[in-house]
Amino acid sequence: MVALLEKVCIIGSGNWGSAIAKIVGTNTARHSDVFDPVVRQWVFEEIVDGQKLTEIINKKHENVKYLKGVPLPHNVVAIPDLVESCQDASLIVFVVPHQFIHGICEKMKGHLAPNARAISLIKGLEITAEGTRLFSEEISRILDIPCAALSGANIANEVADEKFCESTIGSANMEDGMIFKKLFDTPYFRINVIQDHVGVQLCGALKNVVAVGAGLSDGLGYGSNTKAAIIRLGLLEMRKFGQTFFGDAVQTETFFESCGAADLITTCNGGRNRKVAEAFVLTGKPIEQLERELLNGQKLQGTLTAQEVNQFLEARNMQKEFPLFHTIYRIMYEGISANSITVNI
């Protein structure tokens with residue numbers, strides 16, 4: 001009996017989604033014994049220069065709005081209808097803003113292949129006073145399929161330009177993990193597969209809080225030594241958070257993968273969380289104003305996660321157990337001096 005080819009669908013088409021489409025399109029064509037050559041990509045329809053974005057992508061093979069100047073493989077087909085894009089798909093790649101996950105998955109129910117598996121490229125997790133929820137778990141729960149996670153030190157434009165980097169896939173089922181490795185691994189985008197899908201996603205959320213601390217340090221002009229100390233202390237608190245609240249589900253080794261230390265270093269040296277926190281110190285402007293001015297009104301993940309983590313810890317009377325996280329929260333939301341970043345940790 002001939003094995004059925006895996007049908008791949010990408011849900012999302014922003015900057016990161018487009019960079020990933022380039023990789024997935026190339027690899028499905030390269031591994032034609034495993035994957036169906038056509039990669040369907042759900043693209044939220046927009047009008048760009050009087051034309052539909054999906055039509056531009058399918059004609060020019062370039063996402064001119066979110067990844068200008070980077071050619072996409074011709075086997076990547078942009079589809080504006082969500083159900084049509086995922087019909088009978090067996091491998092689904094989620095790369096959309098997390099707030100849309102629930103609604104998207106509800107519409108996809110009943111349209112996937114019987115053996116469908118998913119992977120989430122959505123960084124972070126939802127943290128409330130009541131508890132935590134991984135985005136992969138949300139996808140699994142609604143669609144009733146297994147869901148792995150991919151995360152790493154992966155700035156989209158650098159990946160699209162084929163500058164070497166690594167990324168980590170966390171998959172409870174290693175067989176699924178190896179299929180996803182075949183889908184993503186290239187000479188410039190090196191994949192390592194581990195079973196700790198919880199730790200992979202936890203790192204993706206908490207590193208943004210530490211990056212706010214790094215930005216505060218930069219704004220104060222404290223230099224490389226101080227930032228290195230904040231990164232080290234941040235990594236320790238990330239690991240402690242995982243082991244305290246997730247137990248054996250989170251492995252120490254995960255924090256030394258690309259999704260852990262590497263992504264933390266990248267985020268603390270570049271990226272929006274560091275940039276806005278630095279501006280917070282230099283200008284004295286409130287975060288909401290800086291979001292409008294520097295991020296076109298998009299919400300900063302680091303400060304939001306710091307708030308969520310604080311609520312979670314406060315409900316358990318454990319704020320003092322995580323002094324760096326707590327100090328970053330107090331600087332951003334309670335008005336204590338930014339200098340506290342080196343005093344209270």
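Student: Leaving aside neighbours within four places in sequence, which residues is Ser217 in contact with?
Tutor: In this predicted model, Ser217 is in contact with Tyr222, Gly223, Thr226, Lys227 and Ile230, once its neighbours within four places in sequence are left aside.

Student: Where is the place of Ser217?
Tutor: Ser217 sits in helix H8, which runs over residues 197-219.

Student: Is Ser217 buried or exposed?
Tutor: Buried, with a relative accessible area of 0%.

Student: Cavities next. How many of 30 Å³ or more does the structure hold?
Tutor: One. The largest cavity has a volume of about 40 Å³.

Student: Which residues line the largest cavity?
Tutor: The lining consists of Ser120, Leu121, Ile122, Lys123 and Gly124, then Ala149, Leu150 and Ser151, and lastly Val200, Gln201 and Gly204. Strand S10 (147-151) and helix H8 each supply at least two of the lining residues.

Student: What is the lining of the largest cavity by class?
Tutor: Five residues are nonpolar, five are polar and one is charged.

Student: And the open spaces? What volume has the largest pocket?
Tutor: About 1,900 Å³. The largest pocket is lined by 47 residues, of which Trp16, Val96, Pro97, Arg272 and Gln298 are the closest to its centre.

Student: Which helices and strands each supply at least two residues of that lining?
Tutor: Helix H1 (15-30), strand S8 (125-127), H8, helix H10 (258-269), H11 and H13 do. H8 also contributes at least two residues to the lining of the largest cavity.

Student: How does the lining of the largest pocket divide by class?
Tutor: It has 19 nonpolar, 20 polar and eight charged residues.

Student: How much space lies in the second largest pocket?
Tutor: About 190 Å³. Its lining is made up of Leu4, Leu5, Glu6, Lys7, Asp88, Ser90, Ala113, Pro114 and Asn115. Four of these residues are nonpolar, two are polar and three are charged.

Student: Asp88 is on that list. Where does Asp88 lie?
Tutor: Asp88 is in the loop between helix H3 (82-86) and strand S6 (91-94). Asp88 has a positive phi of about 65 degrees, although it is not a glycine. At 42% relative accessibility, Asp88 counts as partly exposed.

Student: Where does Asp49 lie?
Tutor: In the loop between strand S3 (47-48) and strand S4 (51-52). Asp49 counts as exposed, at 78% relative accessibility.

Student: Cys259 is in H10, then. Which residues of H10 are buried?
Tutor: Ser258, Cys259, Gly260, Ala261, Asp263, Leu264, Thr267 and Cys268 are.

Student: What do the buried residues of H10 pack against?
Tutor: They pack against S10, strand S11 (165-170), H8, helix H9 (223-246) and H11.

Student: Which residue with a positive phi follows H10?
Tutor: Gly271, with phi near 85 degrees.

Student: Last one, H12. Which of its residues are buried?
Tutor: H12 covers residues 287-295, and Ile287, Leu290, Glu291 and Leu295 are buried there. These residues are on the same side of H12, because they cover an arc of only 105 degrees around the axis.

Student: What covers the buried residues of H12?
Tutor: The cover includes helix H11 (272-283), helix H13 (301-315) and helix H14 (323-333).

Technical notes. Residues are numbered from 1 along each chain as its sequence is written. This is a predicted model: local features need pLDDT of at least 70, side-chain atom pairs count only at pLDDT 80 or more; totals for chains, interfaces and linings use all residues. Side-chain values use heavy atoms; hydrogens and water are left out. On a 1 Å grid over the protein atoms alone, a cavity is a set of points where a 1.4 Å probe fits but cannot get out, and a pocket is an open set with protein on both sides within 12 Å along at least five of seven lines; lining residues have an atom within 4 Å of a point. Grid points are joined across faces, edges and corners, and a volume is the space filled by probe spheres set on the points. Helices (H or I, at least four residues) and strands (E, at least two) are DSSP runs, numbered from the N terminus. Ala, Val, Leu, Ile, Met, Phe, Trp, Tyr, Cys and Pro count as nonpolar, Asp, Glu, Lys and Arg as charged, and the others, Gly among them, as polar. Buried means under 20% relative accessible area, exposed over 50%, partly exposed in between (1.4 Å probe, protein chains only). The arc is that of the directions from the helix axis to the C-beta atoms. Contact means heavy atoms within 4.5 Å.
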